[in-house]
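My entries follow the order in which I checked them.

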Amino acid sequence: MLFFLLHTSCSTLLTLAQAPAAAPVVAPKAAPVVLAPASSPAPPGPTNVTKILEKAGQFSTFIRLMKATEVANQLLGQLNNTNNGITIFAPSDSAFSSLKSGTLNSLSDEQKVELIQFHIIPTYLSSAQFQTISNPLRTQAGDSADGKFPLNVTTSGDTVNITSGLTNTSVSGTVYTDGQLAVYQIDRVLQPLQIFDPRPPAPAPAPSKSKKKKDDDVADSPADDSTDNSKAVRFTMGNNVGLFGVTAIVIALISL
């Protein structure tokens, strides 16, 4: 029995040893990964002043006035359709709060446009350029002559001072700058003389004397009197000479 079991086991082992080896398992090839081409960066959007101010915060009143007066749309066209630079002195909400109550409501639509334009310089000014600019600055409000819309900027160290003739303030921070647009924060509203302290119009020149008055003056002058008197003397003398001649003729006839 033992011999039989040993013989069976040896036969089984011999059979397994002579069996062919199983083929190795080959893993399936992974599909090649196709990389998508890198997308190009989106082109920058148009420069929008109101969005810049909205992102900065604390300029809601200035933004509202820019939209109501259509100045925001004008700036959008200027910045994106031309190469012209723009500098904006943006008053904060606290600057508008410090105005006398009812100030904005008392302005006409035209004056509101001029007020916003008075805070805009039609050229780009970096902080370094404030040191060398010529005063008065011309704003988009127009005439910079005294009594109109003059704006003067001076520097003292790193401080940039601004005066309108009625308002004195300084730049309190840089909101945005990109080489074409510069936005600076100010803490007082710039009040132009033309709107808040208009000068009375110059008096009209005195009217000149009429021609008739001059003629009357000439007629009443002494020179005319002397001329008339000389004519009267000549007329009288002529009459006397004629009368004397007639008398002489009558006497001669009687003598005959």
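Which side chain does a polar contact join to that of Gln185? I found Gln58, at 3.2 Å; a polar contact is a pair of N or O atoms within 3.5 Å, where within protein one must be able to donate a hydrogen and the other to accept it, and residues adjacent in sequence count only if both atoms are side-chain atoms.

I noted that this is a predicted model, in which local features need pLDDT of at least 70, side-chain atom pairs count only at pLDDT 80 or more, and totals for chains, interfaces and linings use all residues. Residues are numbered from 1 along each chain as its sequence is written, and side-chain values use heavy atoms, with hydrogens and water left out.

I placed Gln185 in β6 (residues 181-186); strands (E, at least two residues) and helices (H or I, at least four) are DSSP runs numbered from the N terminus. Gln185 is buried, at 15% relative accessible area (buried is under 20%, exposed over 50%, partly exposed in between; 1.4 Å probe, protein chains only).

I then traced the open sheet: 6 strands, order β2-β1-β6-β5-β4-β3, mixed pairing (two strands pair if DSSP finds at least two bridges between them). β2 (120-121) and β3 (152-156) each have a single partner strand, so one side of each lacks a neighbour in the sheet. β1 (residues 86-91) runs parallel to β6, with 6 bridges; Thr87 has Ala182 as its bridge partner in β6.

Last, I looked up Ser98, in the loop between α5 (93-97) and α6 (109-117). Ser98 is exposed, at 52%. A polar atom of its side chain lies 2.6 Å from the backbone oxygen of Ala95.
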